[in-house]
Amino acid sequence: MSGTLFIVSAASGTGKTSLVRELVAADPNLAVSVSHSTRAARPGEVDGVNYHFVSAEAFEAMVEEGAFLESAEVFGNSYGTSGQWVQEQLRQDRDVVLEIDWQGAAQVRRLMPEAVSVYILPPSREALESRLRGRGQDTPAVIAYRLAEAIADMSHYVEFDYLVVNDDFKTALADLQAVVLAARLSYRSQSVRQETLIEKLLSGS
């Protein structure tokens, strides 16, 4: 298995989804995992593209089958990542991005410690609150709850390999791309991808 698994996490309202979308769109060798979720689809979301929307019963059955690489409950809804799909992509030398919360990230790191993890921070608490309000989909009580949860979420930044601050979108995207490039040039990745070259260089033939 020579692909690299990337974990990208952030508190709600930090812009993680937009950054991951642009990161994957600009890199043909990056695939983003589509999570399974029990929450209802939001306007404009498509099943199988944004999430695999499933019932709570179907999700629980998948948990019991061991189908998920990680799963977590967030804001009363369950989310999970298909372990089989991720492994298939990595075996095909494709790099995979998991856009998951810190709980899921911890589960994945225990199973796959070689994964490269990135936590995205907002530039300020005020900016985070503004982004949460700007969605226009939630009541003030829900926004206050989400802000409190986001603050607790951000305390887990210490568990990740890299930190990216999403102040300027283009700069944050470039930072994420730099992390991907660095991982691809690491000894672990290059020793597999350049195995034939290395053997020729060291064989003396």
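**Helix crossing and sheet order**

Modeller: Helices H1 and H7 cross in a right-handed way. This is a predicted model, where local features need pLDDT of at least 70, side-chain atom pairs count only at pLDDT 80 or more, and totals for chains, interfaces and linings use all residues. Residues are numbered from 1 along each chain as its sequence is written, and side-chain values use heavy atoms, without hydrogens and water.

Colleague: Why are H1 and H7 called oblique to each other?

Modeller: H1 (residues 16–25) and H7 (residues 169–184) pack at about 55 degrees, their axes 10 Å apart. Under 35 degrees would be roughly parallel, over 145 roughly antiparallel and 65 to 115 roughly perpendicular; the rest is oblique. The pair is therefore oblique.

Colleague: Which residues make the contact?

Modeller: With contact meaning heavy atoms within 4.5 Å, H1 gives Ser18, Leu19, Glu22 and Leu23, while H7 gives Phe169, Ala172, Leu173, Leu176, Gln177 and Val180.

Colleague: Happy to follow that! What makes E2 and E9 edge strands?

Modeller: Strands pair if DSSP finds at least two bridges between them. The open sheet runs E2-E7-E1-E8-E9, with parallel pairing. Strand E2 (30–32) and strand E9 (162–165) each pair on one side only, which puts them at the edges.

Colleague: How do you know that E8 and E9 pair?

Modeller: Strand E8 (residues 116–121) and E9 share 4 bridges in the parallel sense, against the at least two that pairing asks for. Leu121 stands opposite Val165 in E9.

Notes: Axes are lines fitted to C-alpha atoms, for helices over the stretch in contact, and angles run from 0 to 180 degrees between N-to-C directions. A crossing is left-handed if the near helix is turned anticlockwise from the far one by less than a right angle, and right-handed if clockwise.
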